[in-house]
Number of protein chains: 2
Amino acid sequence: MEKVTIATVARHAGVSRQTVSNVLNTPDVVREETRERVREAIAELGYRVNQAARQMRTGRSRLIAVRIEPANDGINGSVLDRFLHGLTDAAESAGYRVMLYTAGDDAAEIATYEELLSSYDLDAFVLTSTHHGDPRTDWLATRDLPFVTFGRPWGAPDTHSWVDVDNAAGTAAATAHLIERGHTKIGFLGWPAGSGVGDARRDGWASLTDGPSAAVEDGVDTGAAAAHELITAGPTALVCASDSLALGALQAARELGQDTAVIGFDDTAVARAIGLTSVSQPLAQAAGRCMDLLRELLDGRAPSTPTQVLLPPSLVLRQTA
Amino acid sequence: MEKVTIATVARHAGVSRQTVSNVLNTPDVVREETRERVREAIAELGYRVNQAARQMRTGRSRLIAVRIEPANDGINGSVLDRFLHGLTDAAESAGYRVMLYTAGDDAAEIATYEELLSSYDLDAFVLTSTHHGDPRTDWLATRDLPFVTFGRPWGAPDTHSWVDVDNAAGTAAATAHLIERGHTKIGFLGWPAGSGVGDARRDGWASLTDGPSAAVEDGVDTGAAAAHELITAGPTALVCASDSLALGALQAARELGQDTAVIGFDDTAVARAIGLTSVSQPLAQAAGRCMDLLRELLDGRAPSTPTQVLLPPSLVLRQTA
DNA sequence: TACGCGAATTTGATCGTTCAAGTCCTAGGA
DNA sequence: TCCTAGGACTTGAACGATCAAATTCGCGTA
């Protein structure tokens with residue numbers, strides 16, 4: 001079977017190239033009868049738009065770029081994995097495709113933007129792992145390029161659209177659940193102050209109770225050590241900022257012979273494996289919303305002020321709480 | 001800054017468009033002096049090839065497609081994640097980019113191939129999760145499309161190039177390590193016969209010893225139950241087909257008050273988190289080799305018979321063995 | 001001196017689509 | 001009857017690269 005182009009379809013339907021193009025891009029300017037005839041021809045011939053040709057003329061590629069990060073060293077792998085899957089899904093149904101790239105640091109990433117834009121005419125970017133003083137958003141914003149971040153702009157004004165998970169709501173839900181179960185002394189095991197995410201997770205817990213708390217770097221061992229001390233202070237339950245810390249807490253409780261209730265964060269594979277109750281981020285949903293925001297930007301129907309979406313996480317109940 | 005095309009460069013260097021194109025694609029036909037002059041102009045203007053235009057003429061996109069799977073329900077998340085990262089990296093340094101797609105089943109995936117080929121002129125595919133009677137490889141092979149699988153064609157002849165990890169060598173290394181540590185009665189906890197990967201992992205263990213063994217569906221609970229029985233049969237060490245099973249085995253050993261040595265497979269986040277000794281797949285390396293094979297195919301310098309690459313996994317020693 | 005040959009470079013056509021500027025046709029108003 | 005308006009559709013040009021064929025330029029040889 002030889003190549004089917006817009007000209008083939010046109011000939012087959014007895015119209016001109018442009019009319020076929022119109023059926024595809026601005027169907028309302030074509031008479032209904034003609035439109036149907038062309039659509040039939042398209043279906044019959046199995047015609048598909050050649051993106052390269054379209055792109056050359058319009059300058060748009062229907063491609064979206066996302067950075068894939070090295071597998072997280074810690075316990076929290078596969079969060080990005082799930083987000084990526086959701087994004088690919090959402091992009092597909094919007095007629096877009098996801099392209100991957102890697103970059104060692106922010107500067108390299110910005111260089112990659114230039115490359116992707118000039119070589120591939122990329123339509124938009126989705127940024128993850130936003131952090132304090134992130135130079136990437138500025139770079140993109142200055143050039144008026146469409147982008148959305150998954151993660152809010154920590155410490156910077158909300159000058160662009162973003163989607164994030166409400167971390168505070170997550171730990172608050174966890175704390176509320178423990179209170180409902182009758183716990184009255186609930187501790188918190190988190191990270192050192194300063195990271196936006198970590199602070200929010202602590203705040204959610206602090207909004208409902210005021211038990212003992214500790215702050216350590218993420219890790220199973222650090223978590224175990226801190227939990228050891230914490231538990232001896234008397235709480236019957238611990239809310240943790242990550243599954244790693246929660247795992248450490250469980251180990252500490254076992255060593256101490258205590259039946260401390262423990263709740264983690266991120267609902268990682270580890271949590272599923274060991275039956276750890278954990279706060280789960282709605283990653284597929286977040287990806288979908290990112291795509292929604294991007295489409296608004298790309299279709300030019302974005303509101304004048306950027307949109308911010310904050311999604312509530314859910315609590316996955318298992319054995320540990 | 002306005003658009004820099006090949007014509008801009010040509011004007012700047014005082015040559016024709018075609019000469020610039022030659023410098024880019026077949027530098028050896030251009031006189032050295034001219035070549036240098038053109039290269040300087042390219043650098044000075046920051047020129048980059050427009051892939052869409054190139055693609056329209058050549059029919060090649062320098063794009064490679066990989067399917068991103070829904071996050072594995074089990075404990076083994078992030079294996080694909082790491083592979084993807086490696087592939088993106090390798091592709092980048094070969095001048096290619098990775099495009100993602102999703103597909104519910106093999107039929108949907110084949111439909112996606114058609115779409116990707118006709119709309120985006122995809123250059124090649126990397127397939128993961130190969131399985132018995134995989135229709136995808138046949139479809140691609142019949143159409144003479146370049147592809148490589150990560151995972152060998154289970155039960156089918158080696159008619160295409162593939163890269164895989166030597167599962168048997170992995171469990172053999174684990175077993176050898178246990179023997180070296182003085183264990184004489186080493187059991188195996190694996191999956192029901194029939195899956196290529198699972199059988200290979202069992203074979204590796206069986207090649208060095210002949211302790212008791214069990215076969216159950218993957219999972220922490222199923223693993224714990226099976227290990228419970230297995231351990232009472234007397235082995236002082238267990239080689240497991242997955243980290244999930246290994247985790248179950250550890251739980252069983254603890255319940256029984258035994259200090260059974262345990263080794264898992266895949267070196268997942270869980271293993272890292274709980275200190276489980278595990279067999280680690282060289283995913284970045286596998287991705288690199290996949291890309292190597294693809295380049296051979298794409299450059300037309302592939303040997304007449306397809307290449308098969310079998311990579312040895314490594315044993316990551318931690319506390320459990 | 002003229003000729004032929006190969007290396008180096010240039011010119012024109014082309015890929016498949018969309019944009020911009022036509023053409024054609026019918027209906028309605030003066 | 002003629003003119004205009006506007007809806008429906010068509011035509012030519014252009015996007016930026018590469019392919020194929022043509023041209024130019026030395027240089028060795030008859």
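This is a predicted model: local features need pLDDT of at least 70, side-chain atom pairs count only at pLDDT 80 or more; totals for chains, interfaces and linings use all residues.
In strand β9 of chain B, B:A261 is the bridge partner of B:A237, and this pair belongs to the parallel pairing of β8 (residues 237–240) with β9 (residues 261–265) of chain B, which extends over three bridges.

**The six-stranded sheet of chain B**

- The open sheet contains six strands in the order β7-β6-β8-β9-β10-β12 (chain B), and its pairing is mixed.
- The edges are formed by β7 (213–215) and β12 (314–316) of chain B, each of which has a single partner strand, so that one side of each is left without a neighbour in the sheet.
- On average, and with direction ignored, neighbouring strands of this sheet are turned by 20° against each other.
- Helix α10 (residues 220–232) of chain B packs on the sheet, where it touches β6 (186–190), β7 and β8 of chain B, and the direction of this helix makes about 155° with that of β6(B).
- Helix α11 (residues 243–256) of chain B lies across β6, β8, β9 and β10 (277–280) of chain B, and it runs at about 160° to β9(B).

**Strand β5 of chain B and its partners**

- Strand β4 (residues 147–150) of chain B runs parallel to β5(B) and is joined to it by two bridges, with B:W162 in β5(B) as the bridge partner of B:T149.
- β5(B) also pairs in the parallel sense with strand β11 (residues 308–311) of chain B, here over four bridges, and in this pairing B:W162 stands opposite B:Q308.
- In a regular strand, side chains alternate between the two faces of the sheet.
- Along β5 (residues 162–165) of chain B, B:W162 and B:D164 point one way while B:V163 and B:V165 point the other way, and all are buried.

**Chains A and B**

- Chain A can be laid on chain B with an RMSD of 0.1 Å by a turn of 180° and a shift of 0.0 Å along the axis, which is the relation of a two-fold axis.
- The same surface serves both copies, in that 100% of the contact residues of chain A recur in chain B.
- The contact draws 42 residues from chain A and 42 residues from chain B.
- On the side of chain A that touches chain B, at least two residues each are supplied by α4, α5 (79–93), β2 (97–101), α6, α11 (243–256) and α12 (269–274) of chain A, and α5(A) gives the most, with eight residues.
- By class, this side of chain A has 21 nonpolar, 12 polar and nine charged residues.
- Strand pairing also crosses between the chains, where β2(A) and β2 (residues 97–101) of chain B run antiparallel and are joined by three bridges, and where A:V98 stands opposite B:L100 in β2(B).

**Surfaces near the DNA strands**

- DNA strand C is surrounded by 27 residues, of which the closest are A:T5, A:I6, A:S21, B:S16 and B:Q18.
- The elements that give two or more residues to the surface near DNA strand C are α1 (6–13), α2 and α4 of chain A, together with α2 and α4 of chain B, and this surface has 10 nonpolar, 10 polar and seven charged residues.
- DNA strand D is surrounded by 26 residues, of which the closest are A:S16, A:Q18, B:T5, B:I6 and B:S21.
- For the surface near DNA strand D, α2 (17–25) and α4 (51–58) of chain A and α2 (17–25) and α4 (51–58) of chain B each supply at least two residues, and the residues of this surface divide into nine nonpolar, 10 polar and seven charged.

**Residues with a positive phi**

- Most residues other than glycine have a negative phi.
- A:D121, which is not a glycine, has a positive phi of about 50° and is found in the loop between α6 (106–120) and β3 (124–127) of chain A.
- B:R62 is buried, because 21 other C-beta atoms lie within 10 Å.

Methods
Residues are numbered from 1 along each chain as its sequence is written. Chains are lettered from A and ligands numbered from 1 in the order in which they are written. Copies are superposed by least squares on the C-alpha atoms of residues with pLDDT of at least 70 in both. Two residues are in contact if their C-beta atoms, placed from the backbone, lie within 7 Å. Two strands pair if DSSP finds at least two bridges between them. Axes are lines fitted to C-alpha atoms, for helices over the stretch in contact, and angles run from 0 to 180 degrees between N-to-C directions. A residue is near a molecule or strand if its C-beta atom, placed from the backbone, lies within 6 Å of it. Ala, Val, Leu, Ile, Met, Phe, Trp, Tyr, Cys and Pro count as nonpolar, Asp, Glu, Lys and Arg as charged, and the others, Gly among them, as polar. A residue is buried if 20 or more other C-beta atoms lie within 10 Å of its own, exposed if 12 or fewer, and partly exposed in between; C-beta atoms are placed from the backbone.
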